[in-house]
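Let's take a walk through a protein model together, one stop at a time. Keep the sequence and the 3D view side by side as you read.

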Amino acid sequence: MTLAGFIGAAYLFLDSRAPAAPPSPAPSAAVYHSDGLSDAYDGFRVEPLSLPTDRGTTTVSLRVTGPGGPATDFQRIHTKPVHMYVLRDDLSGYQHLHPDVADGTWTAPVTITDGGAYRVYLEFVPHGRPAGPDGPEPTVLGVPFVIAGDTTMVPVPAPQAEDRSGPYTVRRLDGIADLTSGTQTALQFQVLRDGRPATLEPYLGAYAHLSNFEVRTQGLKHLHPLPADATGGAPADGVLSFHAAFAERGDKRMFLQFRADGAIREVAFTVFTT
């Protein structure tokens, strides 16, 4: 055997004795995160066709385009294909709307009562998006608008343990405790009427909806309700639970909506995460 052949054979022998290379890690599942602070995300873009320019009741009209052109067909989440929100930059003037679509345009009536800088958010879930632990993550796009003139700014309220809407009192069960960012927890509220658990009615496929806005940025995150029991019925104790996991510390302003006695009720809470 030549010297070169001997060296080659020895190399092959030694290589066969070496430990196998560790397998390449499997690609992680895609993570979707959008908060309405941009007009484009994941191949989708929102274009404002009509935005409020003055106080009063008017119309918001938006067009969404996706990878294949105009986008009007989305998964129905909480019984609707698209959810629209309006909020002023001081975290006041919250509105949760459900636009109709015609000729590729999503349109909803909106009422503006004061001046200032506002943002309209559009939330939807494209078909084919994989479901995570809490269901498929929505895409949230947003565009700003400004109402000129005198403006009465509203300070963000300090954390409080309860809020009222008509005859209903809603209590946060952990009072005004701070939450820990990066930790999953259940945020719980109890709805009472005359000191007793209220009878709640379905609203958009659930017994309540909770929209969370970062105070510093106005970024939106829709918190997912947890079923009260295995049957999916109304909570007999009036307790509403939401899966809450926050990536960033700071103040959050949360708007809780529920239906009782045939009417939609709304309360708001300020929550701090450390």
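In this predicted model, the side chains of arginine 88 and aspartate 90 meet in a salt bridge, with 2.7 Å from N to O. Are these two residues buried or exposed? Both arginine 88 and aspartate 90 are buried. For arginine 88, the relative accessible area is 3%, so it falls under the 20% limit that "buried" requires.

Arginine 88 also has another partner. Its side chain meets that of aspartate 114 in a salt bridge of 3.1 Å, again taken from N to O. Aspartate 114 sits in the loop between β8 and β9, while arginine 88 belongs to strand β5 (residues 83–88), so this pair ties together parts of the chain that are 26 residues apart in sequence. Aspartate 114 is buried too, because its relative accessible area is 16% and the limit is 20%.

Now follow aspartate 114 to arginine 55. The side chains of these two residues form a salt bridge at 3.7 Å, N to O. This pair links distant parts of the chain, 59 residues apart: arginine 55 is in the loop between β2 (44–50) and β3 (56–66), and aspartate 114 is in the loop between β8 (105–112) and β9. Arginine 55 has a relative accessibility of 34%, so it counts as partly exposed, between the 20% and 50% limits. How many salt bridges does a search of the whole structure find? The search finds ten.

Next, look at a charged residue with a different story. Arginine 119 lies in strand β9, which covers residues 116–124. This arginine is buried but has no salt bridge, and the nearest side chain of opposite charge, that of aspartate 35, is 7.5 Å away. What does the side chain of arginine 119 have 3.3 Å from one of its polar atoms? It is the backbone oxygen of glycine 142.

Serine 211 has a relative accessible area of 1%, so it counts as buried, for which the value must be under 20%.

Valine 170 and leucine 192 are 22 residues apart in sequence, yet their C-alpha atoms are 6.2 Å apart in space. Valine 170 is buried, with a relative accessible area of 0%.

Let's turn to the backbone and its phi angles. Most residues other than glycine have a negative phi. Threonine 79 has a positive value, near 70°. Threonine 79 lies in the loop between β4 (69–70) and β5, and is partly exposed, with a relative accessible area of 40%. Aspartate 261 also has a positive phi, near 55°. You will find aspartate 261 in the loop between β20 (250–260) and β21 (263–273). Its relative accessibility is 56%, so aspartate 261 counts as exposed, which takes a value over 50%.

A search of the whole structure finds one cavity of 30 Å³ or more, and the largest cavity has a volume of about 40 Å³. Among the residues that line this cavity are Gln75, Lys80, His83, Glu123 and Pro138. By class, its lining has five nonpolar, two polar and two charged residues.

The second largest pocket has a volume of about 270 Å³. It is lined by 17 residues, and the closest to its centre are Tyr207, Pro225, Leu226, Pro227 and Ala228. Two elements, β18 (220–226) and β19 (239–244), each give two or more residues to the lining of this pocket. Which of them gives the largest share? That is β19, with four residues. The lining of the second largest pocket divides into eleven nonpolar residues, five polar ones and one charged residue.

Methods:
Residues numbered from 1 in each chain as written. Predicted model: local features only at pLDDT ≥ 70, side-chain atom pairs only at ≥ 80, totals over all residues. Heavy atoms only, no water. 1 Å grid on protein atoms, 1.4 Å probe; cavity = no way out; pocket = protein on both sides within 12 Å on 5 of 7 lines; lining within 4 Å. Points joined across faces, edges and corners; volume = space filled by probe spheres on them. Nonpolar A, V, L, I, M, F, W, Y, C, P; charged D, E, K, R; others polar. Buried < 20%, exposed > 50% of the residue type's maximum accessible area, 1.4 Å probe, protein only. Lys, Arg positive; Asp, Glu negative; His and termini not counted. Salt bridge = Lys/Arg side-chain N within 4 Å of Asp/Glu carboxyl O. Polar contact = N/O pair within 3.5 Å; in protein donor to acceptor, adjacent residues only side chain to side chain.
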